[in-house]
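Hi,

Here is the structure I promised to pass on. Have a look at it first, and then read my notes below.

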Amino acid sequence: MSDPAIEIRGVAKRFASHVAVKDLSLVVPRGTVYGLLGPNGAGKTTTIRMILDIIEPDTGTISVLGSAHRDRGIQDRVGYLPEERGLYKKMQVNRVLRFLGELKGLRGREADARIGEWMERLGLRTAEKDWGTAKVDELSRGMQQKVQFIAALLHDPELVILDEPFSGLDPVNAQALKDTVVELKRRGKTVIFSTHVMDNAERLCDAVCIIAGGEKVLDGPVSAVKAAHGERSIALALDGAASPAVQSILDDRALVAEVDDQNLFYELELAPGADPAALLRRLVEAGAPIRRFERVQPSLHSIFLERVGAAGVEMGMSGHG
Amino acid sequence: MARLWAVIKREYLERVRTKWFLISTLFAPFLLGLLTIVPIWLMSKTAAQSDIAHIAILDASGTGVGRRVRLALGGGSLAGDTSRTQLVVLDTTQLAAAESAFTHVVMKKETRGYLVLGPHVLDDTVARYAGRNGASLADVGRIQSAVRQGILQARLERAGLDAERVVSLTAAKQVELNAEQIGDKGREGGGIVKFLFSFSIAFLLYMSIVLYGQNVLRGVLEEKQTRVAEVVVSSVSTDTLLAGKVLGVGAVGITQQILWVITSIAVIHAREPIMRAMHVPSPSFSLPSISAGVLALLFVFFVLGFMLYAAIFASVGAMVNSDTEAQQAQQPFMMLLVATAILIQPVLVNPSSSLARAASIVPFSSPVIMPLRLSVSSVPWWEVGLAIGIGAVTIALFIWIASRIYRTGLLMYGKRPTLREVARWVRRSA
């Protein structure tokens with residue numbers, strides 16, 4: 001159990017027209033929820049596909065659960081929910097799930113028992129209606145996503161990889177997904193998910209890796225990442241709009257390096273060397289109606305914006321995910 | 001291997017379960033039944049409609065020949081139904097009046113016509129018939145043969161033969177005449193039947209290869225379009241998936257052909273009872289016999305042809321993103337198949353020409369043309385071996401290329417790749 005769930009060393013992948021991943025190294029410890037963060041086109045999906053041995057890296061090595069990722073049977077211990085969801089449309093739901101289970105080495109009878117369990121747990125089999133005997137294309141989008149999710153977890157994998165799992169989920173299903181991730185972690189499984197929505201990562205992840213343009217920007221436990229970015233952030237909430245006097249203080253680049261208007265409060269980043277007490281004093285003198293003034297850890301969102309910046313996001317607008 | 005088996009099983013079961021498979025499997029024996037039973041049934045149906053027994057016989061011969069003619073019209077045997085034929089035995093002097101009376105009866109459609117047997121009918125063998133079907137050559141011909149039979153029986157009896165023996169000896173039986181053709185090379189069997197049979201074999205092979213090749217293409221495209229390919233290849237290699245798909249679809253094709261053969265044999269066997277039940281005489285009909293060796297070769301060539309085109313169509317499916325793109329991209333390969341189909345007729349007419357020999361060895365046409373040649377003439381064994389050998393090598397090459405195109409193309413969405421890009425996929429597949 002001392003082996004990490006995943007260890008990637010110096011992996012690179014080029015496609016004909018562009019470099020998707022360059023010299024990426026990262027370690028995912030076992031039993032953690034790990035976020036792979038980055039703008040669209042950062043190389044998240046390419047990295048995930050290489051871990052799953054769907055595509056081969058040009059250079060570098062990948063080990064999964066202590067073995068080389070190409071080793072026989074190792075992928076049977078991994079569950080995968082791809083970003084592009086899809087199932088055989090004309091096939092019965094139960095048969096699709098049994099087929100995907102068999103591909104992971106499940107035996108027919110055991111697969112059937114587990115399918116029944118999951119279908120009941122996710123409300124796809126009730127006293128009135130058993131969707132398992134329906135064809136996939138008779139199901140609503142939400143139900144199809146549940147089926148896809150069952151397919152990823154049916155063989156009880158030790159490592160679960162979810163590529164943009166929250167995209168297209170309604171709030172109820174998103175909550176159910178979060179609950180399942182927490183439950184998997186409680187049972188000692190490792191969960192990796194990719195996202196470009198920082199709030200989800202902030203709430204769920206033990207550790208993260210931010211990549212942009214195919215390169216690692218930073219990685220590590222969330223607490224360490226935040227600590228490394230110092231407690232230079234201040235949450236400021238005012239009653240009513242900022243007066244011109246207050247606004248001029250916020251615009252003073254000697255005090256405040258950056259202002260992020262979060263609508264209900266401002267997330268301020270202090271300028272290097274600036275004293276928070278000095279800022280508070282200035283605000284009080286200007287008569288600002290302060291409701292909250294708190295030194296906080298920076299959010300992943302602000303760290304992401306700071307480190308990746310607009311340029312990284314722009315780059316990601318084309319090409320693969 | 002368990003994974004490969006799972007893929008084969010899915011490809012096979014999901015296709016065999018469709019209505020389309022059921023319909024196309026029943027179609028061939030249905031067509032065969034239609035072609036062998038219905039024309040004969042229709043013929044007998046039209047014959048039954050013009051009921052030649054529903055007439056009056058005006059017998060003025062004084063020899064009882066009218067009774068015999070009635071018997072012959074009713075089917076010939078003593079057990080036949082004679083109730084529909086009205087027999088009027090009369091004197092020569094009453095004949096003219098009876099004739100004009102029966103003309104009115106026929107005009108009122110109470111009977112179809114009347115047959116006049118004169119006093120000297122046994123010697124001058126002249127009789128007259130007038131009726132609504134007087135212009136129907138078929139009806140008149142059958143009445144004529146009934147009259148001939150009646151006269152023959154009466155003459156035999158007059159010559160001293162026992163009445164019952166006369167009937168049993170002359171009971172009308174259709175004579176079967178099986179024709180056979182003799183050509184430059186000797187006897188050629190039932191010419192037209194064999195010709196049609198060979199044509200059907202070649203055409204069915206062609207159809208099966210086209211149908212199931214396209215089936216592979218659609219299967220690949222479906223996995224690509226629904227994006228299910230990504231989940232599948234996270235569990236099995238693309239090579240396993242491709243192999244499973246080709247083998248699974250091929251097994252469906254072979255299943256269908258076996259069912260076709262079994263049901264066709266059943267139809268041919270069921271033909272006689274069915275026709276007897278419909279009271280229709282069944283002319284004998286037999287398929288040209290085909291040896292087990294040739295049957296095995298047919299099987300080998302179907303497998304060769306299917307595998308070759310399945311590899312090609314799988315590559316096309318992996319290259320394209322939509323049905324319309326697939327239509328375009330498969331055209332050059334469809335042309336190869338259509339060209340093969342066009343060759344069927346000239347090869348059938350002259351199976352030993354150099355064109356036929358070349359087409360039966362070129363791997364793109366050999367799966368259809370070689371079985372065709374084998375079924376119409378004898379082919380030197382080395383030509384058969386050469387065709388199989390070249391076919392196998394070509395298949396190995398195409399499967400190798402297909403596996404590389406498939407590996408890259410399966411997860412490649414967006415614009416259709418150029419030929420140069422595809423060539424790069426083959427050179428360095430990733």
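Which residue does A:K13 form a salt bridge with? The partner is A:D58, and the closest N and O atoms of the two are 3.6 Å apart. (A salt bridge here is a side-chain nitrogen of Lys or Arg within 4 Å of a carboxyl oxygen of Asp or Glu.) A:K13 sits in strand β1 (residues 6-14) of chain A and A:D58 in the loop between α1 (44-51) and β4 (59-64), so the pair ties together parts that are 45 residues apart in sequence. Helices (H or I, at least four residues) and strands (E, at least two) are DSSP runs, numbered from the N terminus. A:K13 is buried at 2% relative accessible area, while A:D58 counts as partly exposed at 36%. For those words, buried is under 20% relative accessible area, exposed is over 50%, and partly exposed is in between (1.4 Å probe, protein chains only).

Before going on, some housekeeping. This is a predicted model, where local features need pLDDT of at least 70 and side-chain atom pairs count only at pLDDT 80 or more, though totals for chains, interfaces and linings use all residues. Residues are numbered from 1 along each chain as its sequence is written, chains are lettered from A and ligands numbered from 1 in the order in which they are written, and side-chain values use heavy atoms, with hydrogens and water left out.

Over all chains, the structure holds 35 salt bridges. Another one in chain A pairs A:K189 with A:D156, at 3.4 Å from N to O. A:K189 is in the loop between α5 (171-186) and β8 (190-195) and A:D156 in the loop between α4 (141-153) and β7 (159-163), so this pair ties together parts 33 residues apart in sequence. The lysine, A:K189, counts as buried at 11% relative accessibility, and A:D156 is partly exposed at 37%.

In chain B, the side chains of B:R357 and B:E383 meet at 2.8 Å, N to O, in a salt bridge. That pair links distant parts of the chain, 26 residues apart: B:R357 belongs to helix α13 (residues 354-359) and B:E383 to helix α15 (residues 381-409).

Where A meets B

On the interface, 26 residues of chain A are in contact with 24 residues of chain B, contact being heavy atoms within 4.5 Å. The two chains bury about 2500 Å² between them, 56% of it on carbon and sulfur atoms. (Buried area is the accessible area, 1.4 Å probe, that two parts lose on being put together, summed over both.) The count of salt bridges between the chains is 4. B:E230 and A:R49 form a salt bridge with their closest N and O atoms 2.8 Å apart. On chain A's side, helix α2 (residues 93-103) gives the largest share of what touches chain B, 5 residues. By class, that side has 11 nonpolar, 4 polar and 11 charged residues. (Ala, Val, Leu, Ile, Met, Phe, Trp, Tyr, Cys and Pro count as nonpolar, Asp, Glu, Lys and Arg as charged, and the others, Gly among them, as polar.)

Not counting residues up to four places away in sequence, A:M91 touches residues of both chains, including A:V96, A:F99, B:R10 and B:E14.

Inside chain B

Chain B has 16 helices and 6 strands, and 44% of its 430 residues are buried. Why is helix α14 (residues 366-376) of chain B largely enclosed by the rest of the structure? Because 10 of its 11 residues are buried, among them B:V368, B:I369 and B:M370.

Finally, B:A154 lies in helix α6 (residues 137-158) of chain B and is buried at 8% relative accessible area. Leaving out residues up to four places away in sequence, B:A154 touches B:V65, B:R68 and B:L122.

Cheers
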